[in-house]
Amino acid sequence: MSVFGEVPEGYRSGFACFVGRPNAGKSTLTNALVGSKVVITSSRPQTTRTVVRGIVHRPDAQLVLVDTPGLHRPRTLLGERLNDLVRATWSEVDVVCCCFPADQEIGPGDAFLAGEVAKVRGTVFVALATKTDLVDGERLARHLMAIDALGRELGLDWAEIVPVSAVSGDQVGLLADLLVARMPEGPPLYPEGDLTDAPEEVLVADLVREAALEGVRDELPHSIAVVVEEMIPREGRPEDRPLLDVHASLYVERDSQKGIVIGHRGSRLRDVGSAARSQIEALLGTPVHLQLHVKVAKDWQRDPRQLRKLGF
Ligand SMILES: Nc1nc2c(ncn2[C@@H]2O[C@H](COP(=O)(O)OP(=O)(O)OP(=O)(O)O)[C@@H](O)[C@H]2O)c(=O)[nH]1
């Protein structure tokens, strides 16, 4: 008996993570496996800055998915810290899944990442051909062969090579089965019902950041950070009509960026607020009053003190 009650015979539990260049489809696949929106996706690369776990609960297994930021050649302190975080994660999980989007040729970026992965010992490596809905069978076949060849070249012994589409759902179930089969036997690691162990503040901050990036991708590539200052239930509300007050700060790096985020007479910030609010309400299942403040934190990506304050 564990704290979770009787564990069925042969129950498996463990960790897997997705590795791949930005936009490879890692977050979307995590969502597809978990079946709920817990990881933030965006058509903008490198939005996943925090390690967020999605948890797949099954009668026979529990699969904890760790979604790491993309590894890249570090130019800032933030970049270096992220890379350390990524490497540490790889060595701690049971399976590392390398994602190679099927609609793109395997390039130097993929080879760099796979080369870094190949240095990790004692972990099972699975290759995924993601976004298969975007290509025909012939192109997919060539892609699978290229993945196989890359593995040979780097001495990476792929335990499986799995084509999958998070958008059409094709092979998502099979992927879950294959990953579960690679997990060690053991009791559940998290209580049932948990979809992620990221604190609610982190998820809420991610939703606000996603909304704030929408439409200003070209002007503000990676310059917005969000901190949730407080989340408190409004006092004096009837029990059947609760309201959660959420105060969040949006940090930009320069005054000029502040104007972009706020927009003409605050029109843009209002749109960001209402988009984020409905997402937060869906996530938390309660009506929300969202207050956003835009602040300037000069060069926060390069300043250790600011980075700590912003949660990095
Ligand atoms: N057609 C199609 N598009 C996909 C699929 N999976 C992801 N995408 C799209 O590809 C883009 C990137 O997906 P993400 O899941 O955010 O990619 P990621 O690898 O997590 O990206 P980073 O967080 O930047 O590292 C998004 O616009 C997704 O909608 C898929 O299976 N099929």
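I began with contacts in the chain. Of those between residues at least 6 apart in sequence, 69% join residues at least 24 apart. I note that the model is predicted.

Next I looked up the overall make-up. The chain has nine helices and nine strands. Buried residues account for 36% of its 312 residues.

Then I turned to a sheet. I found three strands in an open sheet, ordered β7-β8-β9, with mixed pairing. β7 (225-233) and β9 (288-296) are at the edges. Each has a single partner strand, so one side of each lacks a neighbour in the sheet. From one strand to the next, the twist averages 15°.

I checked how β7 meets β8 (residues 244-252). They pair in the antiparallel sense, over eight bridges. I picked out Met231, whose bridge partner in β8 is Val246.

I looked for helices against these strands. α6 packs on the sheet and touches β7, β8 and β9. The direction of α6 makes about 125° with that of β7. Helix α7 (residues 255-262) lies across β8 and β9. I noted that α7 runs at about 155° to β9.

My last stop was Pro184. I located Pro184 in the loop between α5 (172-181) and α6 (200-213). Is Pro184 buried or exposed? Pro184 has 8 other C-beta atoms within 10 Å. The cut-off for exposed is 12 or fewer, so Pro184 is exposed.

I also checked what Pro184 meets. Leaving aside neighbours within four places in sequence, Pro184 is in contact with Arg12, Gly14 and Asp94. Ser13 is 171 residues from Pro184 along the chain, yet their C-alpha atoms are separated by 6.1 Å.

Note on methods. Residues numbered from 1 in each chain as written. Predicted model: local features only at pLDDT ≥ 70, side-chain atom pairs only at ≥ 80, totals over all residues. Helix = DSSP H or I, 4+ residues; strand = E, 2+ residues; numbered from the N terminus. Buried ≥ 20, exposed ≤ 12 C-beta atoms within 10 Å, placed from the backbone. Contact = placed C-beta atoms within 7 Å. Pairing = 2+ DSSP bridges. Axes fitted to C-alpha atoms, helices over the stretch in contact; angles between N-to-C directions.
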